Structure formats: C-alpha cells, structure tokens
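Trainee: I have a new structure open and would like to go through it with you. Could we take it step by step?

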Amino acid sequence: MRISFCQGLLTGAIILNLLILYYVSRAQQQMMEKRKELGRGTRRSALPVSGVGGGLGLFGEAGREARGNGVDGHNRGPRVTILLREFENFENYVGDVANSFLHQRPELPFLAVADISPYPPLVLSEGARLLVLAPSPDQPPQAHRPEFHVQTEFVLLVPDGVELEQPRSIERLIRELEGEGGGPVRLVAAPVLARSAVQCLHLRVNLREWTATYSPAASGSSGSVCTALQGDAVVLIRTEDLFNLSVPLGRPLFPTLFIQTSLRGWKVKLLESPCISANHRPLFSSAHNQWKADTRLKAATGNLMKSFGLKRLLMPDGKEQWYGCSKETSRCFGTVQDDTPDYLYLDRWTPPCCLRALRETTKYVINILESSGVRYWLEGGSLLGAVRHQDIIPWDYDVDLGIYLEDVPNCDHLKNLDSGSLVDANGYVWERAVEGDFYRVQYSEANHLHVDLWPFYPRNGVMTKDTWTEHKQDVEFPEHFLQPLVPMPFAGITAFGPNNPRAFLELKFGEGVIENPQYPNPAKRRLDRSKL
C-alpha cells in the first residue's frame with residue numbers, strides 16, 4: 001500500500017503534535033512541582049518568629065527534634081503550646097518563665113507575644129520564640145498573625161513571673177478539658193500559687209446596653225465552673241477555639257478572653273489546686289514600675305472597652321467603672337438624622353453614660369425650674385418613659401419638658417437667652433435652640449446631651465405655641481391636663497406630669513402607645529419586641 005505525500009504530511013503533523021503535547025504536559029507537571037516546593041519554602045520562610053539572633057522557624061531545630069516525644073507519650077508531637085502574652089517591656093521575667101517550662105518540658109513550644117518589638121530586647125533561650133503582632137511592610141501578613149504560629153491542639157496561657165514545678169500538671173489540665181466532652185466548659189484554669197487569690201466570676205455581657213456585669217459565682221464539687229476569672233491563673237484552651245475569637249490575644253488578656261467566650265456561652269472550670277508557682281513576687285521591683293504597669297493596664301482596658309463597645313462595668317464588689325462620655329468629652333453619638341441615632345442601626349440602645357448625663361441634667365434643670373417658680377411637665381417621649389419605666393426610654397437621646405411661657409421671666413437662666421447662651425457656674429449651657437422657638441440645656445460645652453424646654457401658653461382652654469416642629473407629638477392639647485400637675489417618679493427623682501398621662505400620651509401618639517413600644521422612626525428602624 002502506497003502512502004501519498006498528503007497522507008505522509010498529515011501523519012507527520014500528528015506525530016509532531018503528540019510530541020509537543022507530551023513535552024508541554026511534562027513541563028507543566030515539573031512547573032507545578034516546583035511551585036509546590038516553592039510554596040512550602042515560602043510558607044516556612046513567611047512564618048519567622050523573631051528571637052535573639054534573627055528569625056527562626058516555628059519551633060527551631062530543638063522543637064523539630066522533639067516532635068517524636070509527645071506530651072502524651074504516643075509519639076505524635078507536642079499537644080500544647082505555652083504562650084505568654086501579659087508582660088511589660090520595662091521589667092519582665094519572660095526568659096525565666098521560658099527556661100522554667102523548657103527545663104521541665106523541652107519538647108513544648110514556648111511563644112512570647114508582644115504588640116511591638118520589646119525594648120530592651122528579650123533574651124530567650126533556644127526553643128523559646130517571640131511573636132510581634134504589629135505588621136511590618138517587608139513581611140507577609142501571616143508573619144504577624146498568631147494562628148499561623150501555633151501548630152498544637154491546645155494553648156496554655158501563662159502570666160509573667162511563673163514557674164513550672166510539676167511537669168505532668170499540664171497533662172492534668174488536658175485531661176480535665178477533654179473530659180468535658182465538648183460541652184459548655186471550653187477552658188480549664190488553675191491558680192498560681194503564692195499570687196493573688198483567683199476568684200471565679202459570673203460575667204454577663206449586654207452589648208445592647210453597652211454593659212458588662214461581674215458577680216461572684218458559686219463553687220462546684222470538683223472545682224468552680226463560671227464564665228470569667230479574676231486573679232493570676234494559667235488557662236488551657238483549644239487552639240481552634242482561641243483563634244475563632246475575633247480578638248484572641250488582646251490586652252488585658254483575661255478580660256478580652258472572657259468577654260468573648262461568655263458571649264458564646266462558653267464556661268471555664270477553675271481547678272482547686274495550683275499547678276504553677278510564682279517565681280517572682282512581687283512582679284515589679286519598684287513602686288514606680290508598678291505604677292507604670294497599672295497605668296498601662298488602665299489604658300489597655302480603656303482601649304479594650306472602646307473596641308468592644310462597652311461603656312460601663314459593674315464589678316463584683318458593686319463598684320462601677322465608666323468608659324463612655326463625660327462632661328469633659330463629646331457625647332457618644334453624632335448628630336441625629338431622621339430621629340434615629342446611629343446606635344439603633346447597630347442593635348444597641350442609648351449608651352449608659354449618656355443616660356447618666358441626661359438624668360443629671362434633668363435633675364439639675366428641674367431643680368432650677370421649681371426653685372424659680374416655673375411650671376413644667378414631662379412631655380413627649382420623656383412622659384412615655386416615666387409611665388413605662390419611671391425613667392428615660394432606654395433608646396431615647398434627650399429629655400423633653402413643657403413649660404408655661406408666662407413663667408420664663410421668673411427664671412434667671414432663661415429670661416436673657418435672646419442675647420446669647422449662658423454657661424452657668426456648674427458648666428451647663430442654657431441657650432435658645434436654633435431649630436425653633438424653644439430652649440435647650442446642654443450637659444456641658446463639650447457634651448451636647450440635652451434637655452429641651454418647650455414653652456406653651458393657654459388660649460381658650462388649649463395649650464398652644466407660636467412655632468411647631470414636624471414631630472407628631474408636637475400638637476395642641478387641652479389645658480385641663482395640667483390642672484393640676486401631678487408628681488410621678490422619673491430618672492431617679494420626682495417630677496411633675498399631666499394629671500391623666502395615658503389620655504395625654506394617646507392624644508399625642510395614638511391609642512395603645514404605652515403598651516406597644518417602638519423606635520421614634522419605624523420607617524428607618526423598627527424595634528424587635530422579641531428582644532425586650
């Protein structure tokens with residue numbers, strides 16, 4: 001059989017194409033293998049944990065050699081990383097803590113974590129590494145993310161200045177946590193011997209009200225189970241759980257940790273006997289260094305509360321700590337648009353510091369009105385709050401009072417406001433409002449939380465005004481609601497209101513307004529009553 005020229009040419013072209021495809025495929029395979037190898041090398045080089053003498057791998061040579069000696073004796077590598085987060089640059093014992101753990105358990109990775117590179121630099125032995133959280137422009141993001149530097153199943157969080165005396169005590173913590181079987185107990189803790197007593201607390205975080213409340217927790221038969229700790233302790237947590245928190249290693253560590261875990265319904269078991277001792281007591285060698293540490297702790301706590309949106313802490317001893325606005329600062333929210341303050345869009349109510357300022361301003365203004373002989377009454381939403389809560393509505397942002405226009409000349413704080421504003425001896429600002437013909441009393445020149453005073457006058461038995469706003473409750477009403485005015489509890493004081501508050505409110509807001517709470521502008525934001 002003879003092969004024509006065309007057939008030979010076609011056969012050659014097919015063979016040539018097959019050869020090309022073979023070599024291209026082989027080249028692609030080799031390239032992929034090189035990329036995989038390069039990726040592994042890049043990942044190793046992208047995870048340096050800087051220590052003395054430059055960047056090293058995650059565990060160093062000693063760590064890699066020890067992986068065959070697992071803490072559980074099953075030759076599967078270390079199950080727990082020792083992590084020290086709370087220490088001060090100006091005085092610390094991080095090196096001693098690392099040496100203590102590595103002397104007893106050299107196979108365990110030890111990681112010190114700092115926000116920025118410590119100065120003076122830490123002196124760490126081989127096997128202990130430093131992780132700096134602050135990003136650097138010359139390194140990839142994972143170099144500063146702790147979840148890339150912990151490859152064990154558990155993390156043991158330890159405070160500065162402690163010492164490991166019983167090598168097997170770490171296994172005890174692991175057994176306790178594993179024994180919970182993945183239930184609500186997701187952390188196990190043990191007190192530090194010879195340090196401040198550790199107290200088990202119940203922590204309730206109410207983000208809607210910007211408040212965290214601590215209270216003593218009851219003890220159980222095999223240790224206390226609670227939602228927060230106070231005092232020096234070591235805490236064991238699964239690595240997966242720790243790094244599923246939005247801020248796993250914030251400072252202060254324990255408040256940061258337990259605020260997040262309590263919101264998730266997790267609990268911590270505090271064992272009765274300590275497994276760690278305090279090698280350094282006190283932790284700081286001078287009163288000045290202690291003061292520096294306390295100052296930094298206070299600043300870190302303030303930053304934490306701001307980032308988590310918490311304005312008020314109720315402590316176990318009943319004391320309060322405030323982190324919101326004050327008379328010297330601006331209020332916690334900006335100009336209100338469409339009667340809907342910004343915090344309502346965040347599913348939060350009025351910050352407690354703002355409510356406190358409104359209560360103080362209301363008490364102050366009412367005292368001056370009463371002493372000046374100015375007749376007043378609770379108006380609008382403030383009257384609604386008095387009837388519902390005996391207080392300001394939890395999501396309201398100002399207080400409204402009606403006054404008799406003819407009584408204005410009796411009050412020195414009001415009668416001359418046409419010529420400008422008045423800052424009185426207590427720092428409150430009295431002014432005529434720019435939005436209309438009414439008066440406003442602000443908490444301070446810096447903080448514009450305020451009480452509005454609406455002047456009415458009677459005409460043919462009806463209380464009226466010369467100017468009106470677009471608020472639906474700003475309407476005329478019969479004067480008989482004010483004859484007489486009646487006392488009622490409001491915001492911690494006794495104020496005066498209309499003699500038939502239900503009829504007054506339903507005239508202004510509609511029938512059933514007391515029993516059916518709603519945000520000021522439901523078209524913009526509606527109240528989910530199931531959350532009340």
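**Cysteines, a pocket and a domain**

Mentor: Let us begin with C325, which counts as buried because its relative accessibility is 5%; please keep in mind that this is a predicted model.

Trainee: Which cysteine sulfur is closest to the one in C325?

Mentor: That is the sulfur of C332, but at 3.6 Å it is too far away for a bond. The sulfur of C353 also has its closest cysteine sulfur in C332, and there the 3.4 Å between them is again too far for a bond, while C353 itself is buried, with a relative accessible area of 1%.

Trainee: Okay, so how many disulfides does the structure hold?

Mentor: The structure holds one disulfide, formed by C200 and C226, whose sulfur atoms are 1.7 Å apart. Because C200 lies in strand β9 and C226 in strand β11, the pair ties together parts that are 26 residues apart in sequence.

Trainee: Are C200 and C226 buried or exposed?

Mentor: Both C200 and C226 are buried. The torsion about their S-S bond is about -85 degrees, so the disulfide is left-handed.

Trainee: Switching topic, what volume does the second largest pocket have?

Mentor: The second largest pocket has a volume of about 1300 Å³, and of the 44 residues that line it, the closest to its centre are D339, Y397, H471, Q473 and P520. Its lining divides into 14 nonpolar, 14 polar and 16 charged residues.

Trainee: And which feature does UniProt place at residues 371-407?

Mentor: The unreviewed UniProt entry places the feature "domain: LicD/FKTN/FKRP nucleotidyltransferase" there. In the model, the span of residues 371-407 is 32% helix and 24% strand, and its end C-alpha atoms lie 12 Å apart.

Definitions and conventions: Residues are numbered from 1 along each chain as its sequence is written. This is a predicted model: local features need pLDDT of at least 70, side-chain atom pairs count only at pLDDT 80 or more; totals for chains, interfaces and linings use all residues. Side-chain values use heavy atoms; hydrogens and water are left out. On a 1 Å grid over the protein atoms alone, a cavity is a set of points where a 1.4 Å probe fits but cannot get out, and a pocket is an open set with protein on both sides within 12 Å along at least five of seven lines; lining residues have an atom within 4 Å of a point. Grid points are joined across faces, edges and corners, and a volume is the space filled by probe spheres set on the points. Ala, Val, Leu, Ile, Met, Phe, Trp, Tyr, Cys and Pro count as nonpolar, Asp, Glu, Lys and Arg as charged, and the others, Gly among them, as polar. UniProt positions are given in the numbering used here, feature names are shortened, and annotations may be inferred rather than shown by experiment. Helices (H or I, at least four residues) and strands (E, at least two) are DSSP runs, numbered from the N terminus. A disulfide is a pair of cysteine sulfur atoms within 2.5 Å. Buried means under 20% relative accessible area, exposed over 50%, partly exposed in between (1.4 Å probe, protein chains only).
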